[in-house]
Amino acid sequence: MTGMNENPLDLLPEVLLAASAVLGLLLGAWLPRRRQWLTGALAGAACTAGIVAAGIAAAGPVETAFGESFALDTLTATSRIVILGATLPVLVLAMPRLYADPRETEFYVLLQLASAGALMMAGAQDLLLLAAGYLLASVPAYALAGFRKDGPGTEAALKFYVVGALLGVVMLAGITVLLAAGRATSYPMLRTELTEAPPGLVASGTLALLAGVLFKAGAVPGHFWVPDAVQGSSAPVAAFLTTIPKIGALAAFYRLAAVPLVDAGLPWADLVAVLSVASMTLGNLAAFFQQDVKRLLAYSTISQVGYLLLPVAVAGRTGLDQEALLYYLSAYALTNLGAFAVVCALPDAHTIDDYRGLARAHPALLASLVVCLLGLVGTPPTAVFLGKLDAFSAAFDGGYAWLAVVAAVNTVASLFYYLRWIAPAFLSRGPMGDPGAMSRSAAVVAYGTATGSVALGLLGGAVLDVLGGPLAR
């Protein structure tokens, strides 16, 4: 093709991550078992370099790469930084558990490939590239879910795979229908062509396409895999599954809503609003009486998607939507990873009752848990508080005041199950003694993410100022 911008440096963060995965796989074949951690260090270096590259690219003009298939704008730059920044603590959480494991290298490779898929989804401006990013983000994640090869892990991987494969096929069918309707797969071209296409064809293609995106986001109705996959997989993998793919999927969903679907004449905004209410309400109700902490966080992440869909529902209707989504994604990533870091730090504590006596045994860790759980509720001065406030403001400004009210009610209701986890930690020790030995590396991640959540909340005004800007079209 002629006239295309085919400079690979435009995709430098993605290239660094993919190259690190390939190089790490080759190194792992030759390194002795107790030196496999070097491939994890290589992955960390690639993520750090990718963050730097993304930061530098963010200062450049809004443009596209490889024709109009990949967008280089604030949405892509912020998603890159958040995804790569979230991958780093997952690596730190996983490395002590995997030290000298026969498949240690494979874990780091799968993690990088899945993160690269999330990066591609966030920047995709073509339906075919979106499908490729979906597959790249999904297939390695299936293997990660069942990485332990035990009964719960196998069940988690199987359920995750079955739902993902089904909705992936539905997504590809939707892309085919939209290609027939719009005679193109590029978002800018679809924005023009879909206005003249048969509404029924556009509606059916859009619904099928969104099935795959909602699966990656963990939103209703593609949420069925989340509780079992999160509970059955290891804690670092659970932290990954509930954070990183969600960022890429929601960024992709926002771009779809703001570019090709904005003029399609479909009531997609009302549909997203309904999905938002369903996700936050179902997630909260299901989390109320959960005893397993990973399963509780799994339903929590479903409810969080509901709040994150508020800016998507009003995409293109207000000037607050993009900055609200990007800031909330950043805040959620920090806070959710912090909660899972506490779970990783106490590998012997699986239920809420196992956290009895945590205040006396590990007070600093309890402080991190309190900050992260109350942060997920939206308690000031944590970053999620400002993220929710911006999301509610965007919904009000975009004409969906009722949606903001429903979200506020759900936020208050969610306080119940988070307090159910926190309260026993202040009680005396249970019959089994204290919560058990603490992983120092995971505790450091918990301290860092909890502090980062508060710091991001305090610096929210300055951060929000740089999250605006036009989308590549």
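Buried residues make up 59% of the 473 residues in this chain. Keep in mind that this is a predicted model. The chain has 20 helices and 2 strands. Its radius of gyration is 21 Å, close to the 23 Å that the globule rule gives for 473 residues, so the chain is as compact as a globular protein of that length. Along its principal axes, the C-alpha trace spans about 70 × 55 × 40 Å. Now the contacts. Take those with a separation of 6 or more: residues 24 or more positions apart account for 81% of them.

Next, the core. How many residues does the largest nonpolar core have? It has 159. Helix 14, residues 321–345, gives the most to this core, with 17 residues. Inside the core, the residues with the most contacts are Tyr355 and Trp421. Look at Tyr355.

Ser414 sits in helix 18, residues 401–425. Is Ser414 buried or exposed? Its relative accessibility is 2%, under the 20% cut-off, so Ser414 counts as buried. Beyond residues up to four places away in sequence, Ser414 touches Asn284, Tyr307 and Val377.

On to a helix pair. Helix 8 covers residues 199–217, and helix 11 covers residues 244–258. They pack at an angle of about 145 degrees, and their axes are 7 Å apart. The crossing of helix 8 past helix 11 is left-handed. Which residues make the contact? From helix 8 come Leu209, Leu210, Val213, Leu214, Lys216 and Ala217. From helix 11 come Pro245, Lys246, Ala249, Leu250, Phe253 and Leu256. By type, that contact divides into 10 nonpolar residues, 2 charged and no polar.

With 44% relative accessibility, Met189 counts as partly exposed. Now find Val259. Met189 and Val259 are 70 residues apart in sequence, yet 9.6 Å apart in space, C-alpha to C-alpha.

Last topic: backbone geometry. Most residues other than glycine have a negative phi, and most peptide bonds are trans. Here are some exceptions. A cis peptide bond joins Val220 and Pro221, with omega about 5 degrees. Pro221 is in the loop between helix 8 and helix 9. Another cis peptide bond joins Pro380 and Pro381, again with omega about 5 degrees. Where is Pro381? In the loop between helix 16, residues 363–377, and helix 17, residues 383–397.

Then the phi values. Lys149 is not a glycine, but its phi is positive, about 60 degrees. Lys149 is in the loop between helix 5 and helix 6. It has a relative accessible area of 63%, so Lys149 is exposed. Arg183 also has a positive phi, near 55 degrees, and is not a glycine. Arg183 is in the loop between helix 6 and helix 7. With a relative accessible area of 62%, Arg183 is exposed.

Definitions and conventions. Residues are numbered from 1 along each chain as its sequence is written. This is a predicted model: local features need pLDDT of at least 70, side-chain atom pairs count only at pLDDT 80 or more; totals for chains, interfaces and linings use all residues. Side-chain values use heavy atoms; hydrogens and water are left out. Axes are lines fitted to C-alpha atoms, for helices over the stretch in contact, and angles run from 0 to 180 degrees between N-to-C directions. Helices (H or I, at least four residues) and strands (E, at least two) are DSSP runs, numbered from the N terminus. A crossing is left-handed if the near helix is turned anticlockwise from the far one by less than a right angle, and right-handed if clockwise. Contact means heavy atoms within 4.5 Å. Ala, Val, Leu, Ile, Met, Phe, Trp, Tyr, Cys and Pro count as nonpolar, Asp, Glu, Lys and Arg as charged, and the others, Gly among them, as polar. Buried means under 20% relative accessible area, exposed over 50%, partly exposed in between (1.4 Å probe, protein chains only). A nonpolar core is a set of buried Ala, Val, Leu, Ile, Met, Phe, Trp, Tyr and Cys residues joined through side-chain atoms within 4.5 Å. The radius of gyration is taken over C-alpha atoms; the globule rule is 2.2 Å times the number of residues to the power 0.38.
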